[in-house]
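Welcome to my notebook. I went through this structure step by step and jotted down what I looked up.

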Amino acid sequence: MTEAAKPSPKSFDWAQFVRSQLRNIAPLITLIALFVFFSLASKSFLTLDNFVNILAQVSLTSIIAVGLTFVILTGEIDLSVAAVANAIGIVMAFFTLQPDYANIQNVPVPGLVAVVFALAACGALGLITAFGVTRIGIPSFIMTLAMMQIAAGVSAMLVRGQIAYSFPMIIQTLGSGKFMGLRWLIVVAVVTLLIAHLVLTYTRFGRYIYMTGGNRDAAEYSGVNVKFIIGSVMVISAMLSGFSGMLGVAYFGSAQQNQFDTFLLDAIAAVVVGGTSLFGGRGGIGNTIIGLLVLGVLNNGLDHVNIDSFLKILIRGLILLIALIVNVYAQKMRDSSATTE
Amino acid sequence: MTPLVELRNIVKTFGGVHAVDDVSLSLAEGEVLGLLGHNGAGKSTLIKVLAGVFPADSGTILIQGQPVSIRSTRDAKTLGIETIYQTLALSENLDSVANLFLGREMTGPLGFMNEEAMEEQARKTLGRLKLHLPSLSSLVQSLSGGQRQAVAIARAIHFNARVLIMDEPTAALGPEETLKVAALVAELSRQGIGIILISHDIHDIFDLASRLAVMKNGRLVGAVSTADVTQDEVLAMIIAGKMPERPNS
Ligand SMILES: Nc1ncnc2c1ncn2[C@@H]1O[C@H](COP(=O)(O)OP(=O)(O)OP(=O)(O)O)[C@@H](O)[C@H]1O
Ligand SMILES: [Mg+2]
C-alpha cells in the first residue's frame, strides 16, 4: 500500500550500510587485521604449509560449529557439543578391538558396526536433548547442560580413566589420513560446511530454521512445526558433534576423558565471532566460516609469535568478549534502525 | 442459504480466563462481518480458533454446512481460511517473498526452493492488489508498518481464500492506505469471499461491513445489520454490552 515513489536517497548511505551489515563486516575486518598482524609479527606465519595447518586445526571444530550454527539460528543453544563429541569418540573406541596395553574392558565388533553404533549413540543423545527441550519444555540452555554431564558420565564409565588407541579403519583414514596430499579431515570439514550451507539457504527446512529463530509465532501460524524444527537441529548438532568426536580421536590417536573440553568454547566462539546472532534468525554458515578462520588464525598465530601460553588464554577470552559485544550491539542497532523509520 | 462459516457455541479458556465464552456466529459468502469490542473482549481469540492457531475447548465449526475439525493453521488453510493477524506474523529476518510463502514455499526438483517462481508469483499478487513494495528482496525488518501490512495482506490473498480474517488490518496504515484496503475489502467481497473484519474504528467498519458482531468479556453481545443501527447504538453495545432497544436480527 505504500507507494514506491519515495525519493531515493541522493547518495549511497554508508553509515546505514555499515550499521545494517555490522555483523558481517566486523568479523571479516577482525580476520584481516589478525592475518596482517601475524604476517608482520612472524616470519613463519605466512606460508602455505601454515595455512593448511590452520585449516586442519579448525576442521574438527568446524564440524561441531556447523551443528551449533543450526541450533543458534533457531535461537536455542547447545552446551553439550564437546561432551557429546568426547563420549561418541569413546563409544566408538569401546566397540573397537584395543591393544592389550590399553587395559579397557570393552566389546569389540567389526569396524563398520562400531561406527554405526557410535552414530546411533549420538543420535540417541540428540533425541534425548530434543525430547527434553521440545516435549518437556526444558530450556535448551539447561537441558544441554544436563546432557553435557550425561555425556561426560558416559565417557567416564566406558574408559574408567584409561586411554584407547585403536579405531575403525574408515575413521582412521578420515581422521588422520590424507587424500592426494590433503588431509581427509579438511575435505570432510569443507563438504560438511558446503552441505550445511545448501540446506540452510536453499531448502524449506533451512528456511524454517531461520523462521523459527526470527519469529516463532509467525512460523507456527504459517503451519511450521516449530518443535520439530528445534528437535531436528538438536539431533543434527549431536550427530555432527559425535561425528567430529569420532574423527577427533582418530586425529589425536587416542580416546580419553576430557579430551574435547576446549571444543565447547571454540565452537561457540566460532559461531558467535562469525556474527550469527545469539538471538537467532540471522547469520549462517558463511559467518561461521569467518569465525572459524578468526579463531584458527588467532590460535595458530599466537603460537608463532611466542607469547606466554597463559596470556594466550586471556587473549582468547578477550576476543570472545569483544565478539559478544559486537553481536549484541549489532542486534540493538538493527532493532533501533528498524523502529526509527 | 447455508452460511459459508458457522461457529457454534465456541468456548476457549486460558487458565481461568474465559477468553471466548459460548459464542455462535455465522458468515455468508461475500459478506463483510465487522467484529467489534473492547481490548481483551476476545475478538482475536475467537478468530484464532477459526484460523487453527489453537483448537476451541468446545464448540463446532461448520463450513458450508459441513462440520469440520480445525486442529492447526494448516487445516484452516486447506479449508480456504486465510488470516491477517493483528501482529502480522511476519518473519523480520526474511524478505517479502519468503514471508508471502511462509510455510508454503514452492519447491523444484531435489526439494530445493524455487526462488524465481516464488518471486514472480509474489510480484503478480502484489500487482493484482495494487500493493507496491520498493523491493521484494529487502528484508521485512527494513519495511515500514504499512509495507509490512501489505505483505501480510498479499499473503492472505495469494492462496485464493474463501474466508478472509482481518484482525485490525489498517492499524498501522495512513488514511490513503486505509482507503486502499477498504477498496480491496469491497472487491474481495464482490468476488464472494467471506470476510471477518476486526477493527476499533467504528466509522471505517460502518462503511465496510454489512453486519456487525459485538463481543464483551468473551461473550457475544449480539449481531446486527449495519443498516439497522446507528453508530451510537453500536457504541452502546460495545460499552454497555446491551442490544439496541429496537428489535433487530
Ligand atoms: N495466548 C494467550 N494466553 C493467555 N491468555 C490469553 C492469550 N490470548 C489471549 N488471552 C486473554 O484472552 C482475553 C481475550 O484476548 P483477545 O486477544 O482475544 O482480545 P481482543 O478482543 O483481540 O483485544 P484487542 O482489541 O486488544 O486486540 C484477554 O483477557 C487476554 O488476556
Ligand atoms: Mg486482538
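**Where the chains meet.** I began with the contact, which takes 35 residues from chain B and 24 residues from chain A; I call two residues in contact if their C-beta atoms, placed from the backbone, lie within 7 Å. On the side of chain B that touches chain A, α2 (73–78), α5 (145–158) and α6 (175–190) of chain B each supply at least two residues. Helices here are DSSP runs of H or I with at least four residues, strands are runs of E with at least two, and both are numbered from the N terminus. The most comes from α5(B), with 4 residues. Sorted by class, this side of chain B has 14 nonpolar, 15 polar and 6 charged residues. I count Ala, Val, Leu, Ile, Met, Phe, Trp, Tyr, Cys and Pro as nonpolar, Asp, Glu, Lys and Arg as charged, and the others, Gly among them, as polar.

**How I read the model.** This is a predicted model, where local features need pLDDT of at least 70 and side-chain atom pairs count only at pLDDT 80 or more, while totals for chains, interfaces and linings use all residues. Residues are numbered from 1 along each chain as its sequence is written, and chains are lettered from A and ligands numbered from 1 in the order in which they are written.

**A sheet in chain B.** Next I traced an open sheet of 6 strands in chain B, in the order β6-β7-β8-β3-β9-β10 with mixed pairing; two strands pair if DSSP finds at least two bridges between them. β6 (81–84) and β10 (219–225) of chain B each have a single partner strand, so one side of each is left without a neighbour in the sheet. I then checked β3 (residues 32–37) and β8 (residues 194–198) of chain B, which pair in the parallel sense over 4 bridges. Here B:Leu33 stands opposite B:Ile196 in β8(B).

**Helices across the sheet.** α5(B) lies across β6 and β7 (163–167) of chain B, and α6(B) lies across β3, β7 and β8 of chain B.

**Around the ligand.** Last, I looked at ligand 1, whose surrounding residues include B:Phe14, B:Lys43 and B:Gln86. The largest share of this shell, 3 residues, comes from α1(B).

Note on methods: Near = placed C-beta within 6 Å. Axes fitted to C-alpha atoms, helices over the stretch in contact; angles between N-to-C directions.
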